[in-house]
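User: I would like to go through this model step by step. Please keep it brisk.

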Amino acid sequence: MAKYTLEVNGNQHHVEARPDMPLLWLLRDKLKLTGTKYGCGVAQCGACTVHVDGVAMRSCVLPVSAVSGAVTTIEGLAQGSELHPLQTAWIEHDVPQCGYCQAGQIMSAAALLEQKRAQDSLPSDEDIDTALAGNYCRCGTYTRIRAAVHTAASFYNAAGQGEGQ
Amino acid sequence: MKPGMNRRTWLKSTALFGGGLLLELTVPAGVLAEEPDALVKSADLNFYVQIDPSGQITIYAPNPEMGQGVTTSLPMIIAEEMGARWDDVVVQAAPVDSSRFGLQGSGGSFSIPRRFDEMRRMGASAREMLVGAAALLMEVDRQTLQARESTVVHTSGRSMTFGQLATVAAQQPVPEPEFLSFKDPRAYTIIGTRVSGVDNLVVATGLSNFGIDVDVPDMRYATYTRCPRIGGVALGFNEAEIKGLPGITHAFIVAPDERSGKASMGFLDGLAVLRGGVAIVGEDTWSVMDAKNKLRVKWDESSASADEWTRMVSRAREIAAAGSGELRMDSGQVDAQLANPDNRTKESFYQFPYVAHICMEPMNCTAHYIKGKNGGADGLEIWMGSQFPAQVKEIAGNMLGLKPENVKVNLLRMGGGFGRRAIHDFAAEAMAIARQVDFPVKLTWTRTDDIHNDFFRAGGFENMQGAVTPEGKLAAWDQHYIGFERLGRPVIGSGLRGNELPMVAFANSRIRQAMIKIDTPCGAWRAPGSNTNAFVEQSFIHELAELAGRDHLEFLLELMGEPRWIKEGDIAALNTGRAADVIKLAGEKAAWGKSMPAGSGMGLAFYFCHAAHVAEIAEVSVDAQQNFHVDKVTVAVDVGPIVNKSGAINQVQGSVVDGLSTMALQQITMRNGEIEQDNFHQYPVMRIGATPQIDVHFIQSDNPPTGLGEPALPPLAPAVANAIYAATGTRIRTMPLSEAGFKLV
């Protein structure tokens, strides 16, 4: 066991864990942040996607000892009670079916939106397909995922005006 | 239900603490205990609605949610009949309680058809009590009142809100079911609209509670390891090493137990037997999964499976060549038509693989065995997602000898079901582990466990022969099914029912069926039977249309013949008129017959199952390297009136994606009883980039509303296979397409 200080969703956590424990299980079992899901354990399905310093990562293969930045999970995506535009769009477009993969989908999409906003552009279908290629949805909600990402992107860019991001 | 028993006596209303209306339909427990069959029949009258004086309307959703949207659609029906405003409704998942909610099951696309009338009655009953209260308080005739938008309005324009009426409404007599009247569907304001799923907020914020997310005080974590060869039994393992690993507190052998397999639902009987294995318990999921990787078990494989897929294929070929099997249907004229030199004939051998359910949430179950204090009975508390939670209590009774009243099942959202969560072998494992320890334990399967321990969609083979006349009409249809049997009966979904197309509408048919014995467990997989039979039948109809030089759509319509309901009044029977209507609609919307660029093609398929008539037209492009992309799928559906338009479209689009993913990419094989695919790198799922445009069209006929979780899946595979033929001239007779050298892009 070793001691780690992790920043997760803006909070500092002092945790004791085995160095080889994937971030996924630290989040779920130790910090009780269960929005990040286990799907395969081999970085194939994307259900475990989180951000480390804004970059989408598969937390199921990321040992806690290798976490080198601030972690954001689905629980930390909203700004207080204000939902992220992706979350609003997900509800508006009625995207989920079983819902299990959706946190991972949203986290991958959120990293894409951040990247596109920095370039002052909107994502194309191809951009979405590339950014979300690592996220399985067995229920087959891909059509609505694309639509919701497009809807959210324009709101996200507009919301970013004047924030200096 | 007992003859002569008045349902009204079960309908109670109770004033809530603080005032409010609680409408409850209750089946006396005695009826359930005495007559197990009554469980299913009485389930059509069990529900409750609650109105708070603040105006909030709480509606319980009785059926387990696995993504099919019943948590939203069933309460919509109640809200509609009540005259509630949807924004005032809060939906709560109902607790597992068969005495109130009847059979709380999700499967077979039956939630809507089984519950629609019950939901309407619940809504209408609540509405009548609210109107009665308004008549009393406003001192007017109830005929002059109308419930709408969560208020009861008088012809004068005076009105009272449901919240204002709630307390008095609770004291109103419960209306006789036979005197209830229902809204004219043309006046619907909720049913048929697009309503976003009631759980979407918690899903999108990561706060939804799936079975795998359960956290209870003092809980520990577990893995379970079975023999890689199905049916092997653990004799010993590296116990000292495992127990010495960090975070591990317990490790022990669990003996097999047949008792957990006993099931009163016939099709599940014998399936959920506890397989012997090794349990590892520890302080977190990672520790027990890591220890599982280091586990070395000595197995007794004397009665383990030796199934081999390649051997099944060669055996099926032999059976097809010999034409052997049980004769299930025979017009007597098939051979004559096949031998008639004027006719053109065709023989084709089709093959489809075993596939796994791969719910995105791997199977898991949390169990707490509580020893009775002071001589009291032992009890069990369970937390899990399940399609048929009553089964869990049954397993606890059979395996642990616990009485149903001492077993509490906390039903949680399922991260996918597709038939897998109808079988609770993983719950039996969790119970067996919990029995050995004195704290709650959460068993989580690895993805590899989830694939290896599946109850697979059975593979199978069909040798097809057909003849067409010189005029291009179908003259003979001969279908030789080669499937699988286990436990002395065909496995779920294997074989023909005899009500498939074209046999059901075409006189000169023959069916033979042969079964190969296997040990590999099989179960219900989204649209069992239909999801493979559609591929074979609808592809072969296209082959015969081609042989006859006919347009496929026209040939298919001709097969339907005159519009008729094959069995009047039976929703499970094909209606050829409704079939023709969806085929024509799909053709019209997709511009069937339009010219397509080189390397592109259109394919059509129709299928009837789960009381639904569905036609699909796929448009595909194939390049020289046999990379194929499905550009567009046009779907025409008749399931009667649509309850939630948004949910319905989602189910259809999802079925198309799931069908494509499965037909293109997925195959389970076994070698000496071991499943050869370990994880998604060997068993891939379609990714977002391959998603076609999917246009959905509903024919909202006057027929009773039926379910949509399954029936849009079966026609997808033949529509795509037929389109690939149109694009390339290559006929696909084997799934998955990756085996035939076609790569989905």
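User: What radius of gyration does chain B have, against the one for a compact globule?
Analyst: This is a predicted model, where local features need pLDDT of at least 70, side-chain atom pairs count only at pLDDT 80 or more, and totals for chains, interfaces and linings use all residues. Residues are numbered from 1 along each chain as its sequence is written. The radius is taken over C-alpha atoms, and the globule rule is 2.2 Å times the number of residues to the power 0.38. For 745 residues a compact globule would have a value near 27 Å, which agrees with that of chain B, 28 Å.

User: What percentage of the residues in chain B is buried?
Analyst: Buried means under 20% relative accessible area (1.4 Å probe, protein chains only). Among the 745 residues of chain B, the buried share is 62%.

User: At what angle do helix 15 and helix 16 of chain B pack?
Analyst: Helices are DSSP runs of H or I, at least four residues, numbered from the N terminus. Helix 15 of chain B covers residues 530–547 and helix 16 of chain B residues 552–560. Their axes, lines fitted to C-alpha atoms over the stretch in contact, lie 9 Å apart. The angle, on a scale from 0 to 180 degrees between N-to-C directions, is about 110 degrees.

User: Is helix 15 of chain B roughly parallel or roughly perpendicular to helix 16 of chain B?
Analyst: Angles under 35 degrees count as roughly parallel, and 65 to 115 as roughly perpendicular. The angle here is about 110 degrees. Therefore helix 15 of chain B is, relative to helix 16 of chain B, roughly perpendicular.

How values were computed
Chains lettered and ligands numbered in written order. Heavy atoms only, no water. Helix = DSSP H or I, 4+ residues; strand = E, 2+ residues; numbered from the N terminus. Parallel < 35°, antiparallel > 145°, perpendicular 65-115°, else oblique. Buried < 20%, exposed > 50% of the residue type's maximum accessible area, 1.4 Å probe, protein only.
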